[in-house]
Amino acid sequence: MSFEPRDAPYPELKNSHTMAHTGRPWTDFKPPPSAPVWAAVEGLGRYYILLAAIELDVFDALQRLGPSSAEDVAADVGAAVEHLRSLLDGVVALELLDQFNDVYELNDTARRYLVSDGPATMAELIAVATGPHDNWTRLAETVRSGRPSMPIENDPAAFYVPLVEGTFTTMFRCATRADLKIRYSARSAPLVLDLGAGGAPWAIAILKACPEGRAVINDLDGVLPVAQAKTLEHEVADRCEFRPGDFHTVTLEVDHYDIVVLGHICRTEGEAGARSLITRAFATLKPGGTLILADYFVDVERKFNPHAVIMGTTMMASTERGFCFTHQQFSEWIREAGFGQLRLVEPIGFQQSFVAVKPR
Ligand SMILES: C[S@@+](CC[C@H](N)C(=O)[O-])C[C@H]1O[C@@H](n2cnc3c(N)ncnc32)[C@H](O)[C@@H]1O
């Protein structure tokens with residue numbers, strides 16, 4: 001019996017439409033949704049909705065007022081009611097506030113991350129975490145030329161002072177929790193070197209756990225006052241020496257420190273700069289000393305950890321040499337510098353550190 005190809009029973013269902021089987025095993029052609037495109041387009045609005053809510057003090061106001069109408073929040077923060085309602089609805093769409101019967105309320109995410117005294121507040125970080133906003137509008141040009149038009153290296157203190165103030169809470173929580181994995185508190189009187197320390201979250205966490213410990217805290221001249229203020233606030237300043245200067249060239253002792261911290265400083269430095277920092281850390285550690293290298297690491301295929309991948313793009317957009325590197329690259333560089341006992345720890349979610357020991 002011969003087989004006559006026939007049209008679909010319904011004229012509107014031609015073979016090129018859904019139900020046409022192609023490939024092996026059979027696949028139905030169905031146009032993909034445009035959602036990923038919209039997600040990217042909306043990314044800009046989503047970010048600025050959150051930023052405006054922070055700038056208007058919306059989260060702190062709702063913490064003070066409790067569940068409130070748009071009218072009450074607008075009166076408290078000094079805003080136009082209908083515009084504020086539109087903004088609040090946007091924040092609800094981002095799942096960063098709850099709304100029921102026109103009453104807005106903090107949800108658990110806002111309580112933890114967005115009120116300024118939340119236990120893991122990111123409130124100060126939001127404006128600066130993206131890098132200078134103008135660099136994003138010129139990204140295509142940066143990719144063409146291989147250099148951002150306004151790299152943060154042009155005025156590092158202006159960028160880093162608010163950044164390290166904004167990241168301190170998270171990094172301090174990470175560094176404190178890291179003791180469970182690294183056991184730095186088991187050392188009786190460690191001498192710590194914190195290079196590019198920012199607010200010195202690592203040095204402070206270690207000194208608080210080790211009452212006999214001391215630290216040398218390095219950063220650029222204009223950023224070091226943040227570490228001075230934070231160490232005073234945490235009552236460890238009297239055990240710190242503040243050493244200003246470029247971490248690539250600042251004088252470092254040989255075979256001297258028990259712990260060296262490279263906390264989120266490698267990803268702005270390019271491969272040569274990151275490897276040089278690891279080599280410097282090796283030289284300045286005592287035999288038996290520990291390297292802690294914290295950063296955002298990309299998986300080996302550069303696609304399974306979008307947070308780190310996009311952090312890498314963020315570095316490319318706003319720094320002269322910055323890219324994120326893979327776990328594999330860092331492991332090789334750390335081993336090639338001479339370290340042993342290499343492991344990766346994640347003291348809190350999305351905050352990973354390599355830990356390695358200089359052989360005795
Ligand atoms: C992303 S922050 C990390 C701060 C801190 N280590 C942490 O883990 O939270 C990078 C720090 O490196 C400092 N930094 C950047 N370039 C530097 C350089 N060439 N020499 C010394 N410090 C530098 C910045 O001022 C900033 O404090």
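How do the residues of the shell around the ligand divide into nonpolar, polar and charged? Select that shell first: 11 of its residues are nonpolar, 7 polar and 2 charged. Here Ala, Val, Leu, Ile, Met, Phe, Trp, Tyr, Cys and Pro count as nonpolar, Asp, Glu, Lys and Arg as charged, and the others, Gly among them, as polar.

The model is predicted: local features need pLDDT of at least 70, side-chain atom pairs count only at pLDDT 80 or more, and totals for chains, interfaces and linings use all residues. Residues are numbered from 1 along each chain as its sequence is written.

Stay with the ligand and highlight Tyr160, Met171, Gly196, Gly198 and Gly263, which come nearest of the 20 residues around it; a residue is near if its C-beta atom, placed from the backbone, lies within 6 Å. Next, colour helix H8 (156–177), which gives the most to the shell, with 5 residues. Helices (H or I, at least four residues) and strands (E, at least two) are DSSP runs, numbered from the N terminus.

Move to helix H14 (residues 327–336), where Phe330, Trp333 and Ile334 are buried (20 or more other C-beta atoms within 10 Å of their own, these atoms being placed from the backbone). Viewed down the axis of H14, the buried residues fall within an arc of 95° (taken from the directions from the helix axis to the C-beta atoms), so they line one face of the helix. On the face turned away, select Gln328 and Glu336, which are exposed (12 or fewer such atoms). Just after H14, Gly338 takes a positive phi of about 120°.

Finally, select strands E11 (residues 340–348) and E12 (residues 351–357), which pair in the antiparallel sense over 5 bridges (pairing requires at least two DSSP bridges). Arg343 has Val355 in E12 as its bridge partner.
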